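I opened this model to see how its two chains meet. These are my notes, in the order I made them.

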Amino acid sequence: MPGETEEIQEWLLTVEEFEEFYAHTASRLIGQLYVMLGDLHEAQDVVQEAFVRGWSRRRQLDGGGEPEAWIRTVAWRLAVSRWRVHRRAADAWQRRGSPPADPGPGPEHVALVSALRELPPRQRRTVTLHYLCDLTVVQIAAETGLSTGTVKTDLARGRAALSHLLQDPRAEEAYGA
Amino acid sequence: MPEPHDSLRNAFKDAAEAGQARARPVPASVISERGSRRHRRRLAVVAATACLAFAGTGAAAVTALLPGSDPDTGVPASTPSGFPSVLPSSSPLPSFSSSPTRTTPPASSPPPGLATGSPTGTPPSSPPSTAPEQPLNSSPPPTG
């Protein structure tokens with residue numbers, strides 16, 4: 001109903017409700033970004049920065065119920081930008097002959113997150129949006145800007161890679177089905 | 001009957017919950033403060049940019065509208081040598097040539113000393129025109 005939509009939109013505009021929205025969704029978004037990125041601190045940083053950017057644009061956030069998707073998309077883009085910066089820094093370190101120390105996977109990382117690190121970023125994002133955020137192929141295409149065919153391809157390749165990395169017979173069965 | 005992807009889905013949700021449990025999000029007031037500060041900074045940058053653009057446009061307009069600022073209509077300060085003067089010959093302005101054409105007042109206005117008609121001043125210091133002159137074609141005296 002248009003009236004209800006406008007009321008929800010107005011309801012989402014206030015500062016107090018934005019803070020409530022943050023309190024309800026920040027932890028969940030950090031968990032999602034943690035699976036996508038494989039780094040909890042990085043996930044916290046980018047989600048926090050995405051909320052900061054969303055605060056000044058809270059009047060432009062989609063009042064139809066997708067501000068969480070906006071925050072998630074901004075956080076992902078921030079993470080991608082940081083990867084590029086880190087990659088340039090790593091290249092610079094290699095040119096200097098002293099590569100940075102690689103901490104390696106810690107004991108706190110679960111097997112799935114470690115396996116997801118082996119996937120390309122786009123596949124990792126697509127698989128996470130599908131299995132963790134319960135988005136359909138069309139919704140993933142709308143959020144990522146990819147075509148539905150590309151999303152299906154990424155899901156199939158991601159499942160295959162995960163079944164190989166996790167050595168889970170159930171996953172292999174699922175991929176075969 | 002469970003879907004074939006349920007195990008993978010559960011693994012994803014377990015991993016997310018593991019990260020969510022260890023997440024320490026900052027208080028909402030911190031986000032609001034940072035967002036407000038960022039918003040004010042953006043407004044200041046926009047205002048400064050607008051002021052600079054306005055000032056630049058105004059300065060350009062004033063420069064363009066000033067009289068004589070157009071280089072096409074300007075007259076050079078000095079006439080280049082070897083070129084004719086741009087002033088017409090019938091110009092009322094005096095011409096500043098190197099050879100003065102008239103150093104005495106015009107004839108219609110007598111000099112101040114002759115206005116009364118009586119000689120009051122001293123005669124001119126120049127020798128009188130009646131002084132004997134040497135003949136130009138006289139031969140020199142014979143020397144021997």
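**Ground rules.** This is a predicted model, so I noted its limits: local features need pLDDT of at least 70, side-chain atom pairs count only at pLDDT 80 or more, and totals for chains, interfaces and linings use all residues. Residues are numbered from 1 along each chain as its sequence is written, while chains are lettered from A and ligands numbered from 1 in the order in which they are written.

**Confidence.** I looked up the scores. The model has ipTM 0.70 and pTM 0.59. Residues 97-144 of chain B fall below 50 in pLDDT, and the stretch makes 4 contacts in the model beyond near neighbours in sequence. Contact here means that two C-beta atoms, placed from the backbone, lie within 7 Å.

**Chain B.** I counted 2 helices and 0 strands in chain B. Helices (H or I, at least four residues) and strands (E, at least two) are DSSP runs, numbered from the N terminus. Buried residues make up 7% of its 144 residues. A residue is buried with 20 or more other C-beta atoms within 10 Å of its own, exposed with 12 or fewer, and partly exposed in between; C-beta atoms are placed from the backbone.

I then checked α1(B). Its 17 residues should span 24 Å at 1.5 Å a residue, and the end C-alpha atoms are 24 Å apart, which agrees. The expected span is 1.5 Å times one less than the number of residues. Buried positions in α1(B) include B:Leu8, B:Ala11, B:Phe12 and B:Ala15.

**Interface.** How many residues of chain A are in contact with chain B? I found 33, against 26 residues of chain B. On the chain A side, α2, α3, α5, α6 and α9 (169-176) each give two or more residues. The largest share, 12 residues, comes from α2(A). By class, this side has 21 nonpolar, 7 polar and 5 charged residues. Ala, Val, Leu, Ile, Met, Phe, Trp, Tyr, Cys and Pro count as nonpolar, Asp, Glu, Lys and Arg as charged, and the others, Gly among them, as polar.

**Core.** A nonpolar core is a set of buried Ala, Val, Leu, Ile, Met, Phe, Trp, Tyr and Cys residues joined through C-beta atoms within 7 Å. The largest one holds 43 residues; A:Leu33, A:Val35, A:Val47, A:Phe51, A:Ala75 and B:Phe12 touch the most other members. Its largest share, 11 residues, comes from α2(A). I also looked up A:Ala75. Beyond four places in sequence, A:Ala75 contacts A:Leu29, A:Leu33, A:Val46, A:Val47 and A:Ala50.

**α6(A).** This helix is mostly covered, with 9 of its 11 residues buried. A:Tyr131 lies in α6 of chain A. Is A:Tyr131 buried or exposed? It counts as buried, because it has 25 C-beta neighbours inside 10 Å. Not counting residues up to four places away in sequence, A:Tyr131 touches B:Leu8, B:Arg9 and B:Phe12. A:Tyr131 and A:Leu155 are 24 residues apart in sequence and 9.7 Å apart in space, C-alpha to C-alpha.

A:Asp134 sits in the loop between α6 and α7 (137-144) of chain A. Its phi is positive, about 60°, although A:Asp134 is not a glycine. A:Asp134 counts as exposed, because it has 11 C-beta neighbours inside 10 Å.

Technical notes: pLDDT is the predictor's confidence in each residue, from 0 to 100.
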